[in-house]
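This report goes through selected local features of one protein chain. Please keep the sequence and the structure in view while reading.

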Amino acid sequence: MAAAAPPPSPSPAPSAIGEDLIPFSQHQIFSRIRLATITDVPHIHKLIHQMAVFEKLTHLCSATESSLATTLFPPNSPPPFTSFTVFLLEVSKNPFNPISQNTPNFTPVLKTVNLDLPINDTEEEVFRTIDDDVVVAGFVLFFPNYSTFLAKPGFYIEDIFVRECYRRKGFGKILLSAVAAQAAKMGYGRVEWVVLDWNVNAIKFYEEMGAEIMQEWKVCRLTGDALQAFASVNI
């Protein structure tokens, strides 16, 4: 008598999302925050111009690649975080390889962001770095200040900017948190910046992250002819 055939294998349990359904968050993008160098100046200059367009302040923007290179990265530049410092936000479809920037106080920040939809970056080629699959998505420029009330140094953020197609995806928060983490690591007392009063999305974002909007303070500035005139006042 022939042996009975083995029972059929049980059918695989149905997947929670179904075999033919797309996972809710299948689009991964890898990000890196690193210290900018003089070779990044062309991208920094383009980002500053885009920021000026967004803020409707192109008439005030006279920065050039040459002037940025001279002032941000002069010969014998002081160490990062002791003067003007730029964090560059880079993104890639592939994980980043470790890099060493010879800075004992800072290690590049790596984050993976899960998105519902892929990002359509129409300027990908313009902002591509020497690494083929790495694209510059934003930057933050900051420098030390000092609080006499706290008797502690802090950081003042001059500019923070994320390119339009990468906004509202968490990259601005990654940039800001990198500055805040560096301030905390160095024992600094606070991080400060200003925001345009019409930029309600940014104001809401800053409030939600715990920043206090100082309504009672006004920015005072001497620049251009007014600066030169006041410098010549015979007191």
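## Basis

The structure is a predicted model. The values in this report are computed from that predicted model.

## The second largest pocket

The second largest pocket has a volume of about 390 Å³. Two elements each give two or more residues to its lining, namely α2 (65-72) and β2 (85-92).

By residue class, the lining of the second largest pocket holds 11 nonpolar and 10 polar residues, and no charged ones.

## Aromatic pairs

A pair of aromatic rings is described by two values, the distance of the centres and the angle of the planes. The whole structure contains 14 aromatic pairs. One of them joins tyrosine 166 and phenylalanine 171, with 5.9 Å from centre to centre and 80° between the planes. This pair counts as edge-to-face, because planes over 60 degrees apart are given that name. Tyrosine 166 has a relative accessible area of 3% and is buried. Phenylalanine 171 is buried as well, at 1%.

Tryptophan 193 and tyrosine 206 form another edge-to-face pair, where the centres are 5.2 Å apart and the planes stand at 70°. Tryptophan 193 is in the loop between β6 (191-192) and α4 (200-208), while tyrosine 206 belongs to helix α4, so the pair ties together parts 13 residues apart in sequence. Are the two residues buried or exposed? Tryptophan 193 has 22% relative accessibility and counts as partly exposed, because the partly exposed class begins where the buried class, under 20%, ends. Tyrosine 206, at 10%, counts as buried.

## An aromatic cluster

Which residues form one aromatic cluster? They are Phe81, Phe87, Phe106, Phe142, Phe155 and Tyr188.

## Charges over rings

Lysine 56 lies over the face of tryptophan 198, and its distance from the ring centre is 4.4 Å. Arginine 167 lies over the face of phenylalanine 54, at 4.7 Å from the ring centre.

Where is aspartate 121 found? Aspartate 121 is in the loop between β3 (109-115) and β4. Its relative accessibility is 12%, and it therefore counts as buried. The side chain of aspartate 121 makes a polar contact with the side chain of arginine 163, at 2.5 Å.

## Positive phi angles

Lysine 56 is located in the loop between α1 (41-54) and α2. With 59% relative accessibility, lysine 56 counts as exposed, because the exposed class covers values over 50%.

What is the phi of alanine 151 near? The value is near 55°, which is positive, and alanine 151 is a residue other than glycine. Alanine 151 sits in the loop between β4 (134-147) and β5 (152-162). Its relative accessible area is 51%, so alanine 151 is exposed.

Definitions and conventions. Residues numbered from 1 in each chain as written. Heavy atoms only, no water. 1 Å grid on protein atoms, 1.4 Å probe; cavity = no way out; pocket = protein on both sides within 12 Å on 5 of 7 lines; lining within 4 Å. Points joined across faces, edges and corners; volume = space filled by probe spheres on them. Helix = DSSP H or I, 4+ residues; strand = E, 2+ residues; numbered from the N terminus. Nonpolar A, V, L, I, M, F, W, Y, C, P; charged D, E, K, R; others polar. Buried < 20%, exposed > 50% of the residue type's maximum accessible area, 1.4 Å probe, protein only. Phe/Tyr/Trp six-rings, centres within 6.5 Å; stacked < 30°, edge-to-face > 60°. Lys NZ or Arg CZ within 6 Å of the ring centre and 35° of its normal. Polar contact = N/O pair within 3.5 Å; in protein donor to acceptor, adjacent residues only side chain to side chain.
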